Amino acid sequence: VSDIALAPRVVLHQRYEIREVHYLGQTGIVYFGEDFQENREIVIKEFMPYSIANRDMDGKTVICKSKGYKDQFQQFKKAFDAECECILRLKGLEKPYDGCVLKYLDSFRENGTRYLITEKIKGKSLQDYIENGEDYSIRSTMQQLVAIVRQIHKRGIIHCDIKPSNIILDDEDKHVTLIDFGSAR
């Protein structure tokens, strides 16, 4: 991961500092970080399809590995841009309650790639609850999820990847937050 991911303490857009790598996906890297201007924890998603891209000599800039991957690189890039636009379209969604979906904060281009900044959700995934045998209300979780999906559909978006790892339950009140709109249409 050290040769693929950006190093901790790298600052992006003159305000977002990377703290740690959270997840390495097919088309991107998810970091936990901090927004200096707002003094809050954030999630930074970087477009970095590491199977077909490398870091340039500066250790930051994302470049396609070869001309043979150029079309695939562009397809992945379009998908990442679409994810950013989806989350932007959901900005301000407060029904059925505030925080029901990942909150868009910013997106920008830097280092030859694109970054998506979202609020860091406090809680654990439904997958974690299931794997650890922890108590949660199936009925309440599903009712909240259905209400969230209805609101997303009203905005013309279909998630396409609803699964336990993309459903976060708040530690205190068990409110559901739907995350990961990478497959959304």
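The model is predicted, so local features need pLDDT of at least 70 and side-chain atom pairs count only at pLDDT 80 or more, while totals for chains, interfaces and linings use all residues. Residues are numbered from 1 along each chain as its sequence is written, and side-chain values use heavy atoms, with hydrogens and water left out.

The largest pocket holds about 1,000 Å³ of space. On a 1 Å grid over the protein atoms alone, a pocket is an open set of points where a 1.4 Å probe fits, with protein on both sides within 12 Å along at least five of seven lines; lining residues have an atom within 4 Å of a point. Points are joined across faces, edges and corners, and the volume is the space filled by probe spheres set on them. The lining runs to 32 residues, with Tyr 23, Val 30, Asn 166, Ile 179 and Asp 180 nearest the pocket centre. At least two lining residues come from each of S2 (16-24), S3 (28-35), S4 (40-47), H1 (70-89), S8 (113-119) and S9 (124-125). H1 gives the largest share, four residues. Here helices (H or I, at least four residues) and strands (E, at least two) are DSSP runs, numbered from the N terminus.

The second largest pocket holds about 210 Å³. Its lining has two nonpolar, three polar and seven charged residues, including Tyr 97, Lys 103, Glu 119, Asp 170 and Thr 177.

Turning to the sheets, six strands form an open antiparallel one in the order S1-S2-S3-S4-S8-S7. Strands S1 (11-12) and S7 (104-110) are the edges, each pairing on one side only. Two strands are taken to pair if DSSP finds at least two bridges between them. S1 and S2 are joined by two bridges, and Val 11 stands opposite Glu 17. In their hairpin, which has three residues between the strands, His 13 takes a positive phi near 55°. Seven bridges join S2 to S3, where Tyr 16 has Asp 35 as its bridge partner, and a hairpin of three residues connects the two strands. S4 and S8 share five bridges, with Lys 45 partnered by Leu 116.

H1 lies across S4, S7 and S8, at about 30° to S8. Contact means heavy atoms within 4.5 Å; axes are lines fitted to C-alpha atoms, for helices over the stretch in contact, with angles from 0 to 180 degrees between N-to-C directions. The structure holds five aromatic pairs. One of them is Phe 47 with Phe 73, edge-to-face at 5.3 Å centre to centre and 65° between the planes. This pair links S4 to H1, its members 26 residues apart. Rings of Phe, Tyr and Trp (its six-membered ring) pair if their centres lie within 6.5 Å, and planes under 30 degrees apart count as stacked, over 60 as edge-to-face and the rest as tilted.

A further open sheet has three antiparallel strands in the order S9-S10-S11. S9 and S11 (176-178) each have a single partner strand, so one side of each is left without a neighbour in the sheet. Three bridges join S10 (residues 167-169) to S11, and Ile 168 stands opposite Thr 177. Helix H3 (residues 138-154) lies across S10 and S11, at about 40° to S11.

How values were computed: Ala, Val, Leu, Ile, Met, Phe, Trp, Tyr, Cys and Pro count as nonpolar, Asp, Glu, Lys and Arg as charged, and the others, Gly among them, as polar.
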